[in-house]
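Visitor: I would like to learn how to read a model like this one, feature by feature. Could you walk me through it?

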Amino acid sequence: MMLVRTLGARLAPLLACLGLLGIWQAAALVLNTDSFPPAMEAIRAIPSILGDKESLINILASLRRMAVGFSLAVAVSIPLGLMMGRSRAVASFFNPLLMVTYPVPKAALMPIIMLWLGVGEIAKILVIFLGVSLPVIYHSFQGAKAVEEKMLWSGAAMGLSAAQRMIRIVLPAALPEILTGCRTGLVLALITMVTSEMIARQSGAGNILFNALDMGQYDTVYAMIIIIGAMGIGLDAMFEKLRSRLVRWSEPGFEIPLSFA
Amino acid sequence: MNARAVTSDVLLGIVPIALLVALWQAIASFGYAPATLLPPPGLVFMRLAQQLLTGTFQQEIGATLFRLFAGFSIAVILGVTVGLAAAASPAVNAVVRPIVRVLAPLPKVALYPALLLLLGFGHESKITLVAADALFPILLSTYYGASMVEQKLIWSAMAAGTPRRQILFKVVLPAAVPSILTGCRIGLVISCIVVFLAEMITSTDGLGHLLVTAARTFQAVDMFVPLITISLLGLILNGLLQGLRSYLLRGFPEV
């Protein structure tokens, strides 16, 4: 019984993928227009994109930029967020600035940053950095704020210095919340990557996608959508694995369904 | 928290913004950056004030706001309904959960070309994109909020004779409201970002389109104006949502 259930849980996302592709295929066959090829055709176009050396290098370069921007953002944002959570002065110093900058689409800064830094790597990494840092700061802030005072007092009573308390008490206690922020950041990094490449139109996965759209190569468009989507799902799954290993202690061991129906 | 502490907090919060503007002014006025790259803040804010009074600029804001609200409302209605259904019924849960796991981490902007081809270049494709992006945070927080409802509350309601189908609306939904509103807040920020991006990619009106046309003609001042406008819009909408939150949650211990 247990085995069947875990097997079912493993297979369910796969079934969902197949189901969605099936719906796509059926809808395309019913609509039957040029601009909406069936799923099979788009899937058939994938090997030719990934087999092409230039586009493969492009896609890998996109991933590298994303990785660099994401790690830099996480490295800066977590300490800042934790400090904001523990010190009221730091929080009220940075909070309004974050509120003002949060709704600004970071990829929309791309044209301005391009004016300053050119269309190179730095501009794109900077945009990804900006996009990822805000959710991570925000969630680290919320996580650090919710740490129980009692634990900090006991830590202080046992002779931990302020810095030690930060690393050994606040960081682990806020970790589940921080990782939620990182997960949002990961999705935002992908979005920012695609759009910044779409705006800069020089290289990368976003560039291939929108160039194909402009040139009317519809099967390439849909194949790139599948590739970028698969990147998102793959990265999310990897992150989820890491997350469940790091913060298994904070999750209930079983789920209780609501019973009233 | 007394009034004095609040004022000092506000004052402290203004400092970095003021510093940023001062730095901007300094870079511009000491000639480190030519005005074509970084126009002085005074010029940008003057231009913003001037633009806000013109009819065409108001129309652009209107177009952006219309798409934002349409997409966001669809996301709220769908997200709350599906989230509640998934929390209440194991059958719905079994179907919805894997689909959400697949669709939630998908970068929706990548779907935009497909939406363009299917729905055309008008409002529909942009509204769909906004709705698709705002949907998942709202759906997930509704689901978590509703499944965290204390069983005691449901039992008490049942013991008090509430019909089973009303429990969903009288107990589960109100108890999940704080979580739903948190999801809405994230969804709102995402809607602001996405509507702007969609307008930047292809559009004939809206704030994003203003930015792109300014960028093509290297009008640095006009590039800053739509960015500041969307930031202000985000702040105002967030404030409205916060107001709604404190109104809806007036009985809750902690807001």
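**Reading the fold, then the details**

Guide: Gladly! From the N terminus on, chain A runs α-α-α-α-α-α-α-α-α-α. Please keep in mind that this is a predicted model.

Visitor: How many helices and strands does the secondary structure of chain A come to?

Guide: Chain A has 10 helices and zero strands. Along the principal axes, its C-alpha atoms fill a box of roughly 70 × 60 × 35 Å.

Visitor: Let us take one helix. Why does the distance between the end C-alpha atoms of helix 2 of chain A agree with its number of residues?

Guide: Helix 2 of chain A covers residues 39-51, which is 13 residues, so at 1.5 Å a residue it should span 18 Å. The C-alpha atoms at its ends are 19 Å apart, in agreement with that value.

Visitor: Which residues of helix 2 of chain A are buried, and what do they pack against?

Guide: The buried ones are Ala42(A), Ala45(A) and Ile49(A). They pack against helix 3 (53-86) and helix 10 (218-246) of chain A.

Visitor: Now a single residue. Is Phe70(A) buried or exposed?

Guide: Phe70(A), found in helix 3 of chain A, counts as buried because it has 26 C-beta neighbours inside 10 Å, where 20 or more are needed.

Visitor: Which residues does Phe70(A) touch, leaving aside those up to four places away in sequence?

Guide: Phe70(A) touches Ile128(A), Val132(A), Gly185(A), Leu186(A) and Ala189(A). As for Ala205(A), 135 residues from Phe70(A) along the chain, the two C-alpha atoms are separated by 17 Å.

Visitor: And chain B: how is it divided into domains?

Guide: Chain B has domain 1 (1-33) and domain 2 (41-248). Taken over C-alpha atoms, the centres of these two domains are separated by 30 Å.

Visitor: How many residues of chain B are in contact with chain A, and which helix of chain B gives the most to that side?

Guide: In the contact between the chains, 50 residues of chain B meet 50 residues of chain A. Helix 8 of chain B gives the most to the side touching chain A, with nine residues. By class, that side of chain B has 40 nonpolar, six polar and four charged residues.

Key: Residues are numbered from 1 along each chain as its sequence is written. Chains are lettered from A and ligands numbered from 1 in the order in which they are written. This is a predicted model: local features need pLDDT of at least 70, side-chain atom pairs count only at pLDDT 80 or more; totals for chains, interfaces and linings use all residues. Helices (H or I, at least four residues) and strands (E, at least two) are DSSP runs, numbered from the N terminus. The expected span of a helix is 1.5 Å times one less than its number of residues. A residue is buried if 20 or more other C-beta atoms lie within 10 Å of its own, exposed if 12 or fewer, and partly exposed in between; C-beta atoms are placed from the backbone. Two residues are in contact if their C-beta atoms, placed from the backbone, lie within 7 Å. Domain bounds come from an automatic or database domain assignment. Ala, Val, Leu, Ile, Met, Phe, Trp, Tyr, Cys and Pro count as nonpolar, Asp, Glu, Lys and Arg as charged, and the others, Gly among them, as polar.
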